[in-house]
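The following note gathers points for a colleague who is examining the model displayed below. Each point may be read against the sequence and the coordinates.

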Amino acid sequence: MQLKGFPSRRDSIIFAAIEIISDNGIQGLSTKEIANKQGISESILYKHFKSLDDVIVAIVEYFLRFDSMIENTVLRRRITYREKILEYIRSFVELYESYPALTAIILNYETLLHHVNTRHLIVNDIIDARIGFIRKLIEDGQQICEIGSCYTSEELAIIIAGTIERIILDWKLAGYCYSLKDRVLMITSKILNSCQ
């Protein structure tokens, strides 16, 4: 029986795998490394996952776990579209700040695109869906002249998403020594303001 408030063995394995990817990249991930980090045998790991690919899929699915909840929360808020964009971004960035190892997923998109079982999740459920959500908020804001039209909604969404990925990389390289949230929100605000 799993105690309330404590992660299940399956979740613990996922967390261990995320930390290994954060420290060593996906190429450093193996069932042996995960088992060692968890202090279990590989046979116990295989009771929860059929293969290393299953672990990788579970990691990406964990990364996606909060997306619809964040989107629904943002859409329900009675705030401007500009504020909705910043609220959406703030929610993700706070998640990354609370668990920095999770940024390893963003920083390993290229490698995950080459895994047959994660390609669809990365392209459709993460990249396209997240940029699409921001793009729709921008479009709605542009229609009521709340957000400027110096860029198309797609261009502006790509600029914002690319900027966030770069800031996350810089944050990791700097050893997580500053507020990711403050940096991302400040620069994203400037990008949105430059289009007024």
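Does Cys145 count as buried or exposed? At 68% relative accessibility, Cys145 counts as exposed, where exposed means over 50% relative accessible area, buried under 20% and partly exposed in between (1.4 Å probe, protein chains only).

1. Basis of the note. This is a predicted model, in which local features need pLDDT of at least 70 and side-chain atom pairs count only at pLDDT 80 or more, while totals for chains, interfaces and linings use all residues. Residues are numbered from 1 along each chain as its sequence is written, and side-chain values use heavy atoms, with hydrogens and water left out.

2. Two loop residues with positive phi. Cys145 sits in the loop between H9 and H10; helices here are DSSP runs (H or I, at least four residues), numbered from the N terminus. Although Cys145 is not a glycine, its phi is positive, about 60°. Tyr176, in the loop between H10 and H11, is likewise not a glycine and has a positive phi of about 60°. Tyr176 is partly exposed, its relative accessible area being 29%. For context, most residues other than glycine have a negative phi.

3. Helix H6. Helix H6 comprises residues 81–98, and its 18 residues should span 26 Å at 1.5 Å a residue; the end C-alpha atoms are 26 Å apart, which agrees. The expected span is 1.5 Å times one less than the number of residues. Among the buried residues of H6 are Ile85, Leu86, Ile89, Phe92 and Leu95, and also Lys84 and Glu87. The buried residues of H6 pack against helices H4, H5, H7, H9, H10 and H11, a contact being heavy atoms within 4.5 Å.

4. H6 against H9. The axes of H6 and H9 come within 8 Å and cross at roughly 155°. Axes are lines fitted to C-alpha atoms, for helices over the stretch in contact, and angles run from 0 to 180 degrees between N-to-C directions. H6 and H9 are therefore roughly antiparallel, a term for angles over 145 degrees. Tyr81, Lys84, Ile85, Tyr88, Phe92 and Tyr96 of H6 meet H9 residues including Arg130, Phe133, Ile134 and Leu137.

5. H1 against H2. Helix H1 (residues 9–24) and helix H2 (residues 31–38) pack at an angle of about 115°, with their axes 9 Å apart. H1 is thus roughly perpendicular to H2, the range for this term being 65 to 115 degrees. The contact involves Arg9, Ser12, Ile13, Ala16, Ala17, Glu19 and Ile20 of H1, together with Glu33, Ile34, Lys37 and Gln38 of H2. These residues divide into five nonpolar, two polar and four charged.

6. Individual helix residues. Gln142, in helix H9, is buried, with a relative accessible area of 15%. Leaving aside neighbours within four places in sequence, Gln142 is in contact with Ile147, Gly148, Ser149, Tyr151, Thr152 and Ser153. Leu173, in helix H10, is exposed at 67% relative accessible area. Glu61, in helix H4, counts as partly exposed at 43% relative accessibility.

Conventions
Parallel < 35°, antiparallel > 145°, perpendicular 65-115°, else oblique. Nonpolar A, V, L, I, M, F, W, Y, C, P; charged D, E, K, R; others polar.
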